[in-house]
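Happy to walk through this one with you.

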Amino acid sequence: MKKVVTIGEILVEIMATTRGTGFREPVALVGPFPSGAPAIFIDQVATLGQPCAMIGCVGNDDFGHLNLDRLRRDGVDVRGIAVDPEAATGSAFVRYRTDGARDFVFNIKHSASGRTTLTEAARVVLAESDHLHVMGTALFSPALVATILEAIQVIKRKGGTVSFDPNVRPEMLGLPGLRDAFGTIFAQCDLFLPSGPELFLMTGAKTSDAAVAEILGTGIQAVVIKNGAEGAGFASPTFKLHQPAFPVQEVDPTGAGDCFGATFVTCWLRGMEPGHALAYAAASGARAVERQGPMEGVSSFAALDAFMATHRAEPSR
Ligand code: ATP
Ligand code: MG
């Protein structure tokens, strides 16, 4: 089986238990939950039984060990995650507003995650891997951009494949060099997994169809578009499909895109037919929103099969 690797931030998430705006007054909190988009992604890959590894950095503190223990328990190869005694593990405080929007207080760039590099152990892990997944959130500093671009080179040189989820937060778009980094990664990826308006990030196209055509014209093998409760789409040069979302009660949407992407990439690497892969991915995203906590809604194939046996969402061309 192909081994999947990802690189980037490892955080704890601490959530307000009440809805409202931000953190400018004391609020009740729940957590810490293991988190970080790449960490959620790779934990979902592991839960599907796919060989996988993560490259990152945590502090030698409880938040770091919480994440390491969780990833290790679920089957992620954590040899490429450095434990830096000089830094604190990253964190994100999140509070939902009444309309479902989210306010965050992040500590990522100056946390241990900001010290992620290709250590000797990380290079061993890369040498063993066949596929690299890049998360846009991981491109939070020039150092991380350089590390990820180097990892892409290593994977591509050995004939591996790359998937790219731009997963971009609006406040990140202004970071120096980020647009260039996006362009460079986009040009080298085999599979592109944008959410909603991110479909237009790398094109001048005005309609979804034109954007997809332009993206496929660059040689990317397939585009997978995530649209939350509106469902998801798949497009390759020969095949197009819309997969509606499975009807579920949304408790916490954080992590849906990461679980969806992880499940799609795993199925794709196993050579599964795209319609089948998209259905599994949609089931994985739906199950993720049913659970509170970013990494708490990961699914095994058995759980996805059971879910799909009791929930219906018919795809259309
Ligand atoms: P995030 O980055 O916040 O984790 P995202 O924007 O990358 O999320 P979404 O489009 O929100 O990703 O979710 C990915 C997929 O998960 C959707 O395409 C859909 O299949 C499924 N999904 C998301 N939200 C729901 C929901 N409320 N009900 C059912 N399925 C959902
Ligand atoms: Mg996303």
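Q: What should I know about the origin and numbering of the model?
A: This is a predicted model, where local features need pLDDT of at least 70 and side-chain atom pairs count only at pLDDT 80 or more, while totals for chains, interfaces and linings use all residues. Residues are numbered from 1 along each chain as its sequence is written, and chains are lettered from A and ligands numbered from 1 in the order in which they are written.

Q: Why are H1 and H2 called roughly parallel?
A: Helix H1 (residues 37-47) and helix H2 (residues 62-74) pack at an angle of about 25 degrees, with their axes 8 Å apart. Angles under 35 degrees count as roughly parallel, over 145 as roughly antiparallel, 65 to 115 as roughly perpendicular and the rest as oblique. H1 and H2 are therefore roughly parallel. The axes are lines fitted to C-alpha atoms, for helices over the stretch in contact, and angles run from 0 to 180 degrees between N-to-C directions.

Q: Which residues make the contact of H1 and H2?
A: On H1 they are Ala39, Asp43, Ala46 and Thr47, and on H2 they are Asn67, Arg70, Leu71 and Asp74. Contact requires C-beta atoms, placed from the backbone, within 7 Å. By class, this contact has three nonpolar, two polar and three charged residues. Here Ala, Val, Leu, Ile, Met, Phe, Trp, Tyr, Cys and Pro count as nonpolar, Asp, Glu, Lys and Arg as charged, and the others, Gly among them, as polar.

Q: What makes S3 and S7 edge strands?
A: Four strands form an open sheet in the order S3-S2-S6-S7, with mixed pairing. Strand S3 (29-35) and strand S7 (102-107) each pair on one side only. The twist averages 20 degrees from one strand to the next. Strand S6 (residues 90-96) and S7 pair in the antiparallel sense over six bridges, and Val94 has Phe104 in S7 as its bridge partner.

Q: How do S11, S12 and S13 pair?
A: Strand S11 (residues 222-226) and strand S12 (residues 232-236) run antiparallel and are joined by four bridges, with Lys226 opposite Ala232. Five bridges join S12 to strand S13 (residues 239-243), also antiparallel, and Phe234 stands opposite Leu241. S12 and S13 form a hairpin with two residues between them. In the hairpin of S11 and S12, which has five residues between the strands, Gly228 takes a positive phi near 50 degrees.

Q: Which residues come nearest to ligand 1?
A: Of the 23 residues around ligand 1, these are Ser195, Lys226, Ala245, Gly257 and Gly285. To be near, a residue needs its C-beta atom, placed from the backbone, within 6 Å. Helix H7 (256-269) and helix H8 (274-289) are the elements that give two or more residues to this shell.

Terms used
Two residues are in contact if their C-beta atoms, placed from the backbone, lie within 7 Å. Two strands pair if DSSP finds at least two bridges between them.
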